[in-house]
Amino acid sequence: MLEAPAAPAIRFRDPALEPIWEKSQRGERLSEDDGLTCLSTRDLTGLGRIADAAARRVSGDRVYFTFNVHVNPTNICVLSCKFCDFAAKVGDDHAYEYSIDEIIGQIHPDVHEVHIVGGHHPTIPFEWYEDLLRAIKSERPGVQIKAFTAAEIDYFHKRFKIPDREVLERLFDAGLDSMPGGGAEVFSERVRRELFRGKAGADRWLEIHHLAHSMGIHTNATLLYGHIETHRERVRHLMRLREAQDESGGWLCFIPLEYQLGTTLLVDRQASPIDDLRTLATSRLMLDNFPHIKSYWVMSGEETASIGLNFGADDLDGTIGTERIAHAALAASPLGLERDRMVRLIRSADKIPVERNATYDVQKVYDA
């Protein structure tokens with residue numbers, strides 16, 4: 001935690017933001033009603049200034065990014081989540097499976113992080129995943145492996161009849177460094193029943209992350225928003241994450257993920273940039289115990305993500321490389337941003353770019 005700069009004077013157009021600003025300055029936790037106010041206010045500038053001040057208390061002017069690659073080993077999946085354009089069934093024309101050698105070929109030797117998530121494949125043996133991690137560590141010894149969502153860990157447990165702890169121990173022994181935050185979707189049983197009935201629910205997702213934290217494995221967390229969830233369900237998701245972080249303290253970063261319409265078309269229109277920025281700012285203010293909040297350019301686009309760096313976010317993810325999940329849903333972002341473009345995006349927000357690895361160890365500070 002950095003020494004807090006002097007609080008700027010803010011004149012709010014929405015008087016409902018005044019008590020939220022005062023609470024934030026005093027270090028008091030926001031309530032559910034406060035979160036709802038943040039998500040509905042028309043004073044976007046005022047909300048952004050509150051969230052930016054909160055982010056500066058944590059990270060100063062620094063914004064983190066990583067030289068990374070996203071690898072999705074297969075899109076074949078036993079689930080049929082209604083929001084997903086990525087998944088395929090065996091025999092589908094767009095179904096694919098990468099070999100270990102093909103995956104290694106996607107990982108540039110200089111990357112800091114490889115992010116691995118994929119479909120819940122019906123026949124790949126668990127030993128294949130262990131072999132994959134070992135091969136990456138052998139062929140790319142300088143890379144950190146951030147792999148397998150809690151939903152995937154839950155599937156490994158069910159599919160192979162292996163206890164959760166053994167699943168994590170075996171993956172850790174094979175080279176796992178940390179876990180991504182995907183698969184959380186939104187902590188609402190109503191939404192789960194409607195959209196992703198076959199996937200692990202909130203209790204199970206949190207149970208696996210708590211276990212990982214107890215084993216010294218850091219993780220991230222997400223929220224999928226902009227579909228059929230309500231504002232109240234968004235806020236309650238954030239509050240439950242905040243409570244869970246109080247218990248185990250192992251989450252590194254929170255990433256709000258904007259639902260991509262793709263061909264699933266759960267709603268008539270995609271979340272607006274204004275909604276993206278409100279959600280980022282609300283996340284920073286509600287999640288006072290999370291070290292980092294990510295403005296995920298892959299789903300929100302470069303321009304909105306860059307603006308988000310003044311709405312509470314202090315991370316821009318990375319160069320990404322071959323990510324397929326969001327782009328299967330027709331995300332408009334480019335498939336990869338080179339390092340210099342990441343630096344320019346961060347500087348355009350009047351922030352200091354800091355290159356990191358998966359566990360936020362600083363690799364380089366771009367001062368000049």
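Trainee: Which element gives the most to the lining of the largest pocket?
Mentor: This is a predicted model, in which local features need pLDDT of at least 70 and side-chain atom pairs count only at pLDDT 80 or more, while totals for chains, interfaces and linings use all residues. Residues are numbered from 1 along each chain as its sequence is written, and side-chain values use heavy atoms, with hydrogens and water left out. A pocket is an open set of points on a 1 Å grid over the protein atoms alone where a 1.4 Å probe fits, with protein on both sides within 12 Å along at least five of seven lines, and its lining residues have an atom within 4 Å of a point. Helices being DSSP runs of H or I with at least four residues, numbered from the N terminus, the one that gives the most, with 3 residues, is H3.

Trainee: How many residues line the largest pocket?
Mentor: Two elements, helix H3 (44–59) and helix H11 (273–286), each give two or more residues to this lining. Ser24, Gly27, Ala54, Arg57 and Asp288 lie nearest the centre of the pocket, and the lining residues number 12.

Trainee: In what order do the 4 strands of the open sheet stand?
Mentor: Strands are DSSP runs of E with at least two residues, and two of them pair if DSSP finds at least two bridges between them. Strand S9 (315–318) and strand S11 (362–365) are the edge strands, each pairing on one side only. The pairing is mixed, and the order is S9-S1-S10-S11.

Trainee: Which residue in S11 stands opposite Arg356?
Mentor: Strand S10 (residues 352–356) runs antiparallel to S11, and 3 bridges join them. Opposite Arg356 stands Val362.
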